[in-house]
Amino acid sequence: MKSFEVLPQGTILVSTLVREIENVIKNNCDTIKIWNLSIGCERIGKCISFFGKFIDQLQYIYDVLFIIAAGNYGDNKLIMPADSLAAIAVGTAYKDTNNKIKTWSKSGTGKVFGTYEKPDCYEIGNAIGASDWNQDPQITLSGPSQPKVENGTSFSAPLVARKDAYLLGKYNLNVQSTRALIKHLSSLNPNKICDLGILDDFKNDWLILIEGSTEKGLLKEVRVKLPVDFFSKTEFVVAYSLSYNVPVLNDIGDEYTPFDLFFKLAKVNGDNKRPNIIKSNNNKNDGVDASESTLRKHFGKFNPNIVLINNSFCNKTPIKISATDNEFGFVIKRTDLVGFETESIGYGLIVHLREVVENSLSSFIDLNAENIIEIIDLEQTIDDLEIKQ
């Protein structure tokens, strides 16, 4: 861990601040990939702020990840640059006198483009002044040996940065994969806390990791064979999380960025039809009366962090497939705006397979041995696969 000071004791222009931040990142991005940023100022409107855009652009250019405090405004506002789409924004939660987890009243929340909810996750902090706080403080240091108890998302964000750095270092992941995993774990937790302890519950689950990059107009696919029982239905359910960094182009308006990535688990049929067996549980409306926000939700515009955990996954409702044809493709598709050239885009994809019937995934390794690079045992409870591309 290394600390960089970019703020003077007095005032500073935001334009000067962002230049200072860029210089620090530029000179250290080869060795430091995870950056905690507990700096912010008031955000106005529903669109992404110029500071948020700047953080998105830094992550794209230098292949780094920002973990950003969501803000401490009394009216519960999200601050900038926590509205960066690609960064992980962190809010503060606390435990009340009944040990129930609640959101701190001043923890920043909001939507970007009127659609995408921030913060991405929460971490346990303090709620000094709240009548129902359990008085079990999270202690920080205000100096080398000066313990202190403080409120604020600035004390929550570093805890998430620590978890992300742990995943990056221990499992040799890229920054997109660590972000995908943090967001996936947060989505599984009812309080949106990225609890690494959840991994201990995945005793018969599989987290399949696919890392790579994609060129303009190309479709990437990894063929997999999924175990199927005799009664023509799957014995497992599927969820996934996809993350990538985005270049920001101000001259294309509301499109924000010139490309999108999509994932599907596609069935391989002889007639070349490739239906996606993972279904969204959102009610989508793309009719002429649809609002702009509804269209954004439908088409997934400029969203570099996609997590799909639907009702079939949560309720362990198996997806029906053919017992005679169990070959599928993990498909990453890139779509680009006409007339814009964008270089190779790196991404991280987590595909989560969960058993419905015990040992129904036991043959997964044998069926897909030719694609498996490495099997990583997470605390003796879960196997994490990295798949060749």
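So, V149 sits in strand β11, residues 147-149; strands here are DSSP runs of E, at least two residues long, numbered from the N terminus. V149 counts as partly exposed because its relative accessibility is 33%, where buried is under 20%, exposed over 50%, and partly exposed in between, with a 1.4 Å probe and protein chains only.

A quick word on the source: this is a predicted model, where local features need pLDDT of at least 70, side-chain atom pairs count only at pLDDT 80 or more, and totals for chains, interfaces and linings use all residues. Residues are numbered from 1 along each chain as its sequence is written, and side-chain values use heavy atoms, with hydrogens and water left out.

Okay, on to a sheet. It's an open one of three strands, ordered β13-β17-β15, with antiparallel pairing; strands pair if DSSP finds at least two bridges between them. β13 (219-225) and β15 (259-267) are at the edges with a single partner strand each, so one side of each has no neighbour in the sheet. Between β15 and β17 (residues 327-336) there are nine bridges, and K267 has F328 in β17 as its bridge partner.

Now, rings. What is the angle between the planes of F263 and F330? It's 65°, with centres 6.1 Å apart, so this pair is edge-to-face. For Phe, Tyr and Trp (its six-membered ring), pairing means centres within 6.5 Å; planes under 30 degrees apart are stacked, over 60 edge-to-face, the rest tilted. F263 lies in β15 and F330 in β17, so the pair ties together parts 67 residues apart in sequence.

Technical notes:
Helix = DSSP H or I, 4+ residues; strand = E, 2+ residues; numbered from the N terminus.
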